[in-house]
Amino acid sequence: GLYYVIDSVGTGPKPTNLCGYVNCTYKGYLPSGKVFDQTTGTNTATFELGGVIEGWSRGLQVAGAGTKMRLYVPASMGYGANGIFNSSTGVYDIPPNSMLIFEVKLIAVSN
């Protein structure tokens with residue numbers, strides 16, 4: 001199942017609606033340490049909670065705005081047996097059946 005570690009607890013609202021949005025900074029990497037996606041500098045990303053992988057939609061619901069956490073997402077709640085294939089390079093950015101690790105800072109929530 002999904003594991004998470006809360007590094008610092010936020011006091012803002014928690015995302016409770018899959019149609020709601022979260023604004024965050026994040027870094028996603030494989031257990032090998034290979035980073036496959038991240039926000040950079042002061043940039044943030046906004047996602048509809050129902051439009052992300054299951055590991056994010058479930059994991060972020062336990063956190064209030066301002067929380068810093070790590071999500072340990074099993075393949076079944078990530079990209080599963082398909083992985084993410086990059087047709088430009090001819091290799092997988094995320095290999096099939098990969099566990100994913102995300103460092104997330106939840107900045108704002110709009111339910």
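## The β2–β3 hairpin

Which residue in the turn of the hairpin formed by β2 and β3 has a positive phi? The residue is Gly33, with a phi of about 100°. Five residues lie between the two strands. Strands here are DSSP runs of E, at least two residues long, numbered from the N terminus.

This is a predicted model, in which local features need pLDDT of at least 70 and side-chain atom pairs count only at pLDDT 80 or more, while totals for chains, interfaces and linings use all residues. Residues are numbered from 1 along each chain as its sequence is written, and side-chain values use heavy atoms, with hydrogens and water left out.

β2 and β3 pair in the antiparallel sense, over three bridges. Pairing requires at least two bridges found by DSSP. Gly28 has Asp37 of β3 as its bridge partner.

## Largest pocket

A pocket is an open set of points on a 1 Å grid over the protein atoms alone, where a 1.4 Å probe fits, with protein on both sides within 12 Å along at least five of seven lines. Lining residues have an atom within 4 Å of a point. Points are joined across faces, edges and corners, and the volume is the space filled by probe spheres set on them.

The largest pocket has a volume of about 220 Å³. Its lining has 13 residues, and Tyr26, Phe36, Asp37, Tyr79 and Phe102 are the closest to its centre. Asp37 is also the bridge partner of Gly28. β3 (35–38) and β7 (91–94) each supply at least two lining residues. By class, ten are nonpolar, one is polar and two are charged. Nonpolar covers Ala, Val, Leu, Ile, Met, Phe, Trp, Tyr, Cys and Pro; charged covers Asp, Glu, Lys and Arg; the others, Gly among them, are polar.

## Second largest pocket

The second largest pocket holds about 160 Å³ of space. Its lining has six charged residues, three polar and three nonpolar. Among the lining residues are Asp7, Lys27, Lys68, Arg70, Glu103 and Lys105. Tyr26 belongs to this lining and to that of the largest pocket. β2 (21–29), β5 (68–73) and β8 (100–110) each contribute at least two residues.

## Cysteines

The disulfide count is zero, with a disulfide taken as two cysteine sulfur atoms within 2.5 Å.

Cys19 is exposed, at 54% relative accessible area. Cys24 is buried, at 0%. The cut-offs are under 20% for buried and over 50% for exposed, with partly exposed in between (1.4 Å probe, protein chains only).

Note on methods. Helices (H or I, at least four residues) and strands (E, at least two) are DSSP runs, numbered from the N terminus.
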